[in-house]
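Me: Could you take a close look at one part of this model for me, namely the salt bridges and the parts they join? I would enjoy a connected account.

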Amino acid sequence: MIRIRLERRLERHWWQTVLTPTLSVLAAFAAGAIFLAIKGFDPITVYRELFKASFTSTYGITDSLTIAVPLILTGLAAAVVFRMNLFNIGAEGQLYLGAIFGSWAGLALTDGLPTILGVAVVLIAGAVGGALWAAPAAVFKAYFGTSEIISTLMLTFIALYLMRYLIFGSNSYWRDPESANFPQGKKIPTSARFELFSDTRLHWGLAFAIAIALLIWVLIRFTSLGFDMNVVGSSDSAARYAGIPVRRTVIIALLISGALGGLAGATEVAGRAYALDPNGLELGLGFTGIVVAALARYNPFAIILVATFLGGLRNAGVALQGLPGDRVPVEVSLMLQGAILLFAIGGEIFSHHRLSISRANPAVVT
Amino acid sequence: MNTKLPRGAFRRSMVAMAAIALIATACGGDDDTTEPAPETTAASTATTAAGADTTEAPGTDCQVIKAAFVYVGPIGDAGWTKKHDDGRKELEAALGDCVETSYLESVPEGAESEAVFDRLAREGNDVIFGTSFGYMDQMLAVAEKYPDVKFEHATGFKTSDNMSTYFGAAEEARYLSGMAAASVTESNQIGYVAAFPIPEVLRGINAFTLGAQRINPDVTVEVAWTSTWFDPVVEKEAAEALLNGGADVIAQHQDTPSAGEAAQTAGGYWVGYNDDMSRFAPDAWLTAPVWDWGPYYISVVEAIRDGSWVSEQYYGNMADGLVTLAPVADVVPQDVRDQIQTVQDEIIAGSFAPFTGPVNDQDGNEKVAAGEVPDLGTLLGMDYFVAGVIGSATG
């Protein structure tokens, strides 16, 4: 009798860190190719068009990068706490709160300000909104051990309905009184909007998001808070023994994560939507950030690359439908994204474990 | 980077990931009723009305107009988007080689749609139709960048030199469908599953209620808001809640037929929307207000071809055929069917309008005086429920 089991790897090499996500993506594309072939499409053509639509023309690249901006920030939101084994899966809700706070600040505070100040006001308000939304989960986690997975998820649904209520359900401050036919958000003044790069839709939020990634890298690598976060992530008891304030560190980490999610919402408001726009914000950008973080193995710089890659995938989704001849359903790109996550999780097993095959006593096998 | 994860943590991360995967699926929604795009050409749906004005023989050396359609849902939604796609096929059938159409489905509203409209304009389309309200600002922005491309926006209210809007008086058919609904209810309670508390939807509910009261003055119409145009699961749940509350007929302002499935399961009746949806719940089916976009699409493309296109706000109705009523089911008594036909003839002839006064709101305030007919502007801004509606007009 042959027994196959998973054994924990005792050591890991740097190349495994790069190889696993790469193989995950390739495996996902291979699985997608099988699906496409069954549906009668030529996978090579589809993938070539997907790449062409997202990464070859100026508009393709800039549109992909535009989608990457919020994904970088939600990716960071996930990465900064996931690496501590704290699973804030509510970046989606924190993004909504960031958009609510950011658009409020944009409407109320920025009229007449120079653009750079106006945008800063929106971003700061967004970060505060996101952090506030993560705060209950952080406190419950730190003091009562409540699962942050559940609490951040539940808060996401509350945030979703709050955002919809502000636009669709009430004559709130955010709602545009001019739009009688259909409820929509009031536009923030131009002083609160990111400048665009020439005549594309790409905005300076990209530079901002990259700067934030750099900042998070510095935080994790070079600050005592980052050190504390690493230790708490490895072992609570070791952290306590070392005199690190575990509760405080957990709370701060979750607040930072929430603030990053909130920034994603604020950059969407300042860079793309220019208003609290539920239809334009309910794109799953927060949840996709988790895929980004997982594929990037929580590395801030890798997050920028992965976010661009997934932004391109999303951007290409609609373009694929326009292929001459064959008509590829828009869901293909979403399916690929799901498959990538699935294989990333699968890859995780093999980066931490290896298969061991041995002869075994049949009686033991269950 | 800390790459060493303790075993317990790994297991936890698996749980989290599984949860995320589930959530992502649930939140991604929208795709479960998607059918692969059928590659049928227009032949089967070409109607006789479609080609009425078309006298030019297709296939000659006509100038080919490229028309692109952007849909908010999948063409397999059996409702709103399907009807627009039927219209596109009618257009192809009517103009043959003189028109080249393409469509993109499930394009989200809001900021992300701008890239889509921009790409379509760059790719050399002569006219781009956007069929959902939430594309308005994006279409307007792209229209400004491409003054030579015509933009046609359904349900919106912003226009420019090269952007028109189009929509129509569904309330006329809603009124007739209310008459059908009132003729079969035994509990005198009708449920209405509706998307958003906006004038278009309020107008429909009010017209439906007025029509129902014409047949049976004791009827009440209870409204359940869903905050979504397209979500089969939510629509069905809302219908079930209304049925559990005592309603035995369900009407809807939603894009899918799932409310009808709930009505059929509960042994009730159902007034659909957008299209003849009878096949989804044949036992419950009564009728539906139906859109026929084809003739409008044909007129737009022909106007572009002969250079007569101008920016306008088109509001069609039953008289010009944009709005129709699906055949009324046999469960509706013959005398009511006859009445519906009579009223429909009056509406088309212009001798009757659904909101002819007296119309009172829920609190008994007179909104339209006896014998008066409100003008279009008043109707387009409707913000109240008429007496007999149960629910809040502000959501």
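Reply: Happy to! Helices (H or I, at least four residues) and strands (E, at least two) are DSSP runs, numbered from the N terminus. This is a predicted model, where local features need pLDDT of at least 70, side-chain atom pairs count only at pLDDT 80 or more, and totals for chains, interfaces and linings use all residues. Side-chain values use heavy atoms, with hydrogens and water left out, residues are numbered from 1 along each chain as its sequence is written, and chains are lettered from A and ligands numbered from 1 in the order in which they are written.

A salt bridge here is a side-chain nitrogen of Lys or Arg within 4 Å of a carboxyl oxygen of Asp or Glu, and the count over all chains comes to 21. One of them pairs A:Lys187 with B:Asp137 at 2.8 Å, N to O. A:Lys187 sits in the loop between α6 and α7 of chain A and B:Asp137 in helix α4 (residues 136-145) of chain B, so this pair joins two chains. B:Asp137 is buried, at 15% relative accessible area, whereas A:Lys187 is partly exposed, at 36%; buried means under 20%, exposed over 50%, and partly exposed in between (1.4 Å probe, protein chains only).

The loop between α6 (148-169) and α7 (205-222) of chain A also holds A:Ser198, which has a positive phi of about 40° although it is not a glycine. A:Ser198 is exposed, with a relative accessible area of 64%.

B:Asp118 belongs to helix α3 (residues 113-122) and B:Lys145 to helix α4, so the bridge ties together parts 27 residues apart in sequence. B:Asp118 is buried, at 0%.
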